[in-house]
Amino acid sequence: MTSDGGSGAAAIRVEGVSHRYLPARGKPVLALDHVSLEVREREFLALLGPSGCGKSTLLYLIGGFLPIGEGLIEVGGKRVSEPGPDRGIVFQHFALFPWKTVRENVTYGLAKQGLPRDEQTRRAQEFIDLVKLSGFEDAYPAQLSGGMKQRAALARTLAIDPAILLMDEPFGALDAQTRILMQEELLSIWQRRRKTVVFVTHDVQEAVYLAERVAVMSARPGRIKEIVDTRFSVSGPALFKSPEFVERVDHVWNLVRGEAIAAQGGAA
Amino acid sequence: MARVAARVSDWFGAALWGVIQSGSIIVVLIGWELLARSGLFTAFLLPTLSSVLARVVEDAVSGLLFLDLSVTLYRAVLGFAIAAAAGVALGILIARIPSIHWLFDPIVSIGFPMPKVAFLPVFMLWFGVYDLSKVSMIVFNAIFPVIAATVAGTQGVDKHMIWSARSLGAKERDILREIILPAALPQILTGLQVALPTALIVAIVTEIIMGGDGLGASMIRASRYADSPGVFAGIVEIAAAGWLVIKSVEAIRRRLLVWHQETQAVSTV
C-alpha cells in the first residue's frame with residue numbers, strides 16, 4: 001500500500017483477501033479478513049505475527065496452494081490460481097523427498113523444466129555448492145542434520161530460478177546457532193541473486209534483521225496492522241548492537257506483543 | 001593375503017553370530033530330540049527330530065518335497081500377487097475418491113479383523129475344491145492388510161511435500177506416481193509383509209481342508225495314514241519355506257528403502 005516510488009513495480013498484489021477454513025468439527029473460522037498488501041519487485045518482506053494469525057495461510061494463498069475464496073492475488077500482473085515455478089517455496093519442515101538423494105531432490109524441478117540431463121546435473125551442482133552442501137550430493141535427507149536439510153530444500157527451490165521466494169518459517173525448526181548461520185547465509189545469497197522474498201516468521205529480531213520491510217499482522221482474524229521499514233545504514237553482525245536496530249526491534253515487538261496476548265487469550 | 005584373511009574372519013564372525021542369534025531354535029530342536037528319545041512318548045506321538053529330518057531328506061531326494069513346495073508356493077504367491085495389485089489399487093481409490101471411500105471403508109473395517117476362513121465352505125460351494133477356490137481364498141484373506149496399509153500410507157503423505165512438487169512444476173496427474181506412491185512405500189510394504197505370510201498360511205489351510213496336492217494336503221494325508229514322521233516333516237518343511245519367504249521379503253524391503261531411516265538402524269535377526 002505504501003508506495004515510495006523508485007523501488008519498481010509490485011511483484012505481488014494482494015487485494016481484499018479473506019480466507020475461511022473449516023475445522024474438523026465446528027463452524028468455519030475466519031483466518032484472514034480483507035488483507036491487502038503489495039510486495040515490490042526484488043524486495044525482502046517479512047510477514048510477522050503471533051501464531052495462528054494466518055501469516056502462513058496468506059503465504060499459501062500467494063503460492064496458489066489454497067483456493068482464494070474472496071479477493072484477488074496477482075503475481076507479475078497475473079491472477080494466481082494454482083502453484084507454479086515462478087513462486088518457489090521453502091517450508092519449516094523442509095518437505096524434501098526422502099527417497100531421493102540431495103542431487104535428485106535438486107534436479108526434480110529442473111527435469112520438470114525439460115532441461116537436458118547434463119544441464120540438470122551441472123545446474124544442480126551449482127546450487128548445491130551455493131548452499132555449501134558440496135560432498136553430500138548422494139546423501140539421503142535422513143542422513144542430514146536439520147540445517148543441512150534446509151540448505152538442500154533451499155537449493156532445490158533456488159535451482160529452478162523462481163522470481164519469488166516464499167519462505168514459511170524456514171529456520172523455525174533449527175537450533176539457535178544454526179538459525180543465525182542460516183540467516184546470514186540467506187542474506188548473502190539474496191544479495192548475490194536478488195529475488196522477491198516473502199518470509200513468514202514469528203521471531204521479531206529475525207524479521208527486523210533480514211527484511212527490508214516487516215508487515216505486522218494482527219491476531220486472528222489476520223489483518224495487516226502496520227508495515228515497518230527495516231532498512232538500516234549498518235549491515236552485518238554489527239547491526240545487532242546499533243541503536244537504530246534495537247529501537248526498531250522494540251517498536252515492532254510492541255506492535256506484536258498486544259496481538260500475541262490477544263492470541264493467547266483466545267477470542268475473549 | 002591379509003584382506004582375504006579379514007574376509008574369512010568376517011564371514012566366520014557372521015556365521016558364529018548367526019548361530020548365537022538362532023540359539024533358542026537350536027535349544028528347542030535339541031530338546032525335541034532328547035524328549036523323543038527319553039521314552040516318555042511313543043514314536044507315534046513324538047517321532048525323533050533325526051527321523052523327521054531323514055524323512056525330509058527322503059522327500060527331497062524323491063522330488064516329492066519340491067513338487068509339494070512348488071504347488072503350495074505357486075498358490076500362495078499367485079494369490080498374494082493378485083491381492084497386492086488389487087489391494088494397492090483399491091487402497092489408492094479409497095484414499096482419493098470420496099464415493100469409493102464411502103462404499104468400501106465400512107466393508108474393509110468389518111472385513112479386516114474378521115476370521116475370513118469362515119467363508120471357506122462358501123468358496124467351496126462357489127468355486128469347487130481346486131486352484132480357483134484355493135487362490136480366491138488366499139486373495140480374500142491377504143487383500144485386507146494391503147488395502148488398509150495403502151489407505152493409511154497414501155492419506156498420511158505430508159501435504160507440504162505435494163505442494164513442493166507442484167511448485168517445482170509437477171502437474172496434478174504426476175503427483176500420485178512421483179510423490180504419493182514413493183512416500184507411502186514404507187507403509188505399503190509393511191502391509192505386503194503382513195499379507196505374504198497370511199497367503200502362505202491360507203494356502204496350507206485350504207490344502208489341509210480341501211486335499212489334493214501341496215504341502216498341506218500331504219500333511220493331512222500322512223495324518224490319515226497315521227504316518228507320524230510324515231506329519232512332522234510337513235511342519236519342518238512349512239517352517240523352512242515360511243522362513244525363506246519372510247527373509248527374502250525383508251531383503252527386498254531393505255533394497256527398496258535404502259533411503260529410509262530404518263535402513264540406517266541396526267536390524268534384528
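Biologist: Which residues of helix 3 of chain A meet helix 4 of chain A?
Modeller: In this predicted model, R123(A), A124(A), F127(A), I128(A) and L130(A) do. Across from them, helix 4 of chain A brings A155(A), L158(A) and A159(A).

Biologist: How do the residues of that contact divide by class?
Modeller: Seven are nonpolar and one is charged. None is polar.

Biologist: At what angle do the axes of the two helices cross?
Modeller: Roughly 135°. The axes of helix 3 (residues 117-130) and helix 4 (residues 146-159) of chain A come within 9 Å.

Biologist: Why are helix 3 and helix 4 of chain A called oblique to each other?
Modeller: Angles over 145 degrees count as roughly antiparallel, and 65 to 115 as roughly perpendicular. The crossing is at roughly 135°, so the two helices of chain A are oblique.

Biologist: Is the crossing left-handed or right-handed?
Modeller: Helix 3 of chain A passes helix 4 of chain A in a right-handed crossing.

Biologist: New topic. What domains is chain A divided into?
Modeller: Domain 1 takes 1-86 + 165-185 + 195-268, and domain 2 takes 94-161. Their C-alpha centres lie 26 Å apart.

Biologist: How many residues are in contact between them?
Modeller: Seven from domain 1 of chain A and six from domain 2 of chain A. On the domain 1 side, six are nonpolar, one is polar and none is charged.

Definitions and conventions: Residues numbered from 1 in each chain as written. Chains lettered and ligands numbered in written order. Predicted model: local features only at pLDDT ≥ 70, side-chain atom pairs only at ≥ 80, totals over all residues. Axes fitted to C-alpha atoms, helices over the stretch in contact; angles between N-to-C directions. Helix = DSSP H or I, 4+ residues; strand = E, 2+ residues; numbered from the N terminus. Parallel < 35°, antiparallel > 145°, perpendicular 65-115°, else oblique. Left-handed = near helix turned anticlockwise from the far one by under 90°. Contact = placed C-beta atoms within 7 Å. Nonpolar A, V, L, I, M, F, W, Y, C, P; charged D, E, K, R; others polar. Domains from an automatic or database assignment.
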